[in-house]
Amino acid sequence: MGLRQLVIDAWSWLNYKPVMADAGRPGSRAFPELAKTWVPPHELRRLAAYKVLASYDSNQAGQLAAAGGDAGALERRELGDAANLVDTALGYLLGSEQKVAVEGAEHADEAVPGAAEAAAVQDRLRKWADKELLTFRVQQAERAAVLLGDSVLALAWNPEKQRPTLRAYDPGFFFPQWDDEDDDFPTRVHLAWELPADDDAGLKARVRRVTYELGPISEGGEESTDGGGASGRMYPWEPGRTSNVTCYLTDAEWLLDDLKNGETLDRLPMGKASFRVRPDGTELNRLDLMIDFVPVVHIANTIPDGGEHWGRSVLARVLQALDELAATDSDSSAASATTGTPIIGLAGARLPVDRATGRPQELEVKAGAVWQLGETGRMDALDTSPQLAELRARVDHLLERIAANSRVTAAGLGTLDATEVPSGYALKLALGPLDALIGMMRLAREHKYRLLFKMVQRLYQAGRAEGWTAGETLPARLAWAPHTPTDRGAVLEEVVKAYGAGVLSLETAVMMLLEAGYPIKDASQEVERIRAKAEQEAAVRMAKAAARRGPGEDGEDQEESDEPGSAGGRARAEKGSEREPVSAGR
């Protein structure tokens, strides 16, 4: 391979696989779908990489390699190690739960400007999350991101439900049109996939393309005029500012038979398009969505390198190790067969004769078998158990390498022997690479989920939903639970001491308990309950104290009793010389 043929890109970790050379080649058995004329050539490596990774997840990597020409790959033993690694990393990423948190909502019961509004927005977003099954959608999207490196979430306003709907898409359907001037937010996005032919319904094979595109507001659209007379639209999330940008939606289908070479996804002939129609009869051909953003969020599993846009799968750096593990498992399976049913050599044996043919019968190694040997007969068995033990040791070695190089760690995968951990601090050190991995993965998603909740609020405002008034969008984020177990007792002791000493506020103390895994549903509500209970207990103590004490001097209540022997009586006796005598009547 010459230097000009050596490709180093976001998918170069798959260059070692011969099957990758078949991507886009006509007649390819491994990737027949990539030979379609509508698939952009520069997307072939990405789509091929997704299929390779999906085959590992479903224990079909051997079948994909066999389709690429490796006939021996059908004997490959795949025991679910790739899927286990993906699910383990996904579990640590998600934690025990996820919540929508709006900045400032925790101070709703205090006289903090904007706190009440933040709490109201947080409550509405959480209700939306419950209705749209946000945790379920997030898990759908995040598993694709951890496995494939990328995932896609799309929002759409539903007039009947009066709320934005959320849907997760396969990243293989996602074709953004990146602008060189603004790499973070593409101004045009395609969601495209192929629809197979249906002979019973009389439908031919088609390709469907859903396009979101930012562009200037067309004539005849809703217009307003600013002080200078410039036409445009004033969006509710930016009051006082006029914009001439809107987002157009186009949803259309093309017959594959109508497409010619060169008519790729961005060049499909609009004259041959069949546009879809909404239930209300509106044709989805450059439909003005009345928003100034593309309601599609691309989630990358890792922080992309400079100039790149795509994330990296958790399997990327250990894919060859997984191949080695599958090969070792295949060898172990073969060795265990000869160990359980050994190869036996006989000398001087009297073989039984088949009466029908007169030929000696083959001997079978099975329980209860009796073989007659002559005086000089001998039986030798081939012992392959040492080789099997070596293969099993190699499996353990490969699992350790996979755990270390993926940064999930042996402790994270659950393969670490608990007796090898001398203390909790040692376990914390062992989980250090996993902490860094999850921190990086969550950092890569922080801005994307903030963007998602910003879009949700603006779609509510654009739809003029009840309770959503015009105004600036409040920052909201997705709060993750701790990914590893915490010492809840130590955290509780720390919180009690710090709050009792006055160095922590009650809000911060509750947030620390929430992050430690205590079953607190809402931090602000928990703070209100704690303060209400404290006020109630204080009122009860005051009532009891008032019931015990009698009228004091000058008709005022005394905090302490005047009975003989009590603290109040002793105090009055000690101060009797400084006061005038009190008559019995008083």
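Colleague: Which residues line the largest cavity?

Modeller: In this predicted model, the lining of the largest cavity is made up of Asn301, Thr302, Arg312, Ser313, Val314, Arg317, Asn405, Ser406, Arg407, Leu437 and Met440. The elements that give two or more residues to this lining are α7 (385–406) and α10, and the volume of the cavity is about 150 Å³.

Colleague: How do you know into which classes the residues of that lining divide?

Modeller: Asp, Glu, Lys and Arg count as charged, and the lining of the largest cavity includes Arg312, Arg317 and Arg407. The whole lining therefore divides into three nonpolar, five polar and three charged residues.

Colleague: What makes up the lining of the second largest cavity, and which element gives the most to it?

Modeller: This cavity, with a volume of about 100 Å³, is lined by 13 residues, of which Glu78, Asp81, Ala82, Leu322 and Ala326 are the closest to its centre. Helix α6 (319–340) and α3 (81–94) each supply at least two lining residues, and α6 gives the most, with four.

Colleague: Why are α4 and α10 called roughly perpendicular to each other?

Modeller: Helix α4 (residues 115–131) and helix α10 (residues 432–462) pack at an angle of about 95 degrees, with their axes 11 Å apart. Angles of 65 to 115 degrees count as roughly perpendicular, and the two helices are therefore described in that way. Their contact is made by Val121, Leu125 and Trp128 of α4 together with Phe453, Val456, Gln457 and Tyr460 of α10, and these residues divide into six nonpolar, one polar and no charged.

Technical notes
Residues are numbered from 1 along each chain as its sequence is written. This is a predicted model: local features need pLDDT of at least 70, side-chain atom pairs count only at pLDDT 80 or more; totals for chains, interfaces and linings use all residues. Side-chain values use heavy atoms; hydrogens and water are left out. Axes are lines fitted to C-alpha atoms, for helices over the stretch in contact, and angles run from 0 to 180 degrees between N-to-C directions. Angles under 35 degrees count as roughly parallel, over 145 as roughly antiparallel, 65 to 115 as roughly perpendicular and the rest as oblique. Contact means heavy atoms within 4.5 Å. On a 1 Å grid over the protein atoms alone, a cavity is a set of points where a 1.4 Å probe fits but cannot get out, and a pocket is an open set with protein on both sides within 12 Å along at least five of seven lines; lining residues have an atom within 4 Å of a point. Grid points are joined across faces, edges and corners, and a volume is the space filled by probe spheres set on the points.
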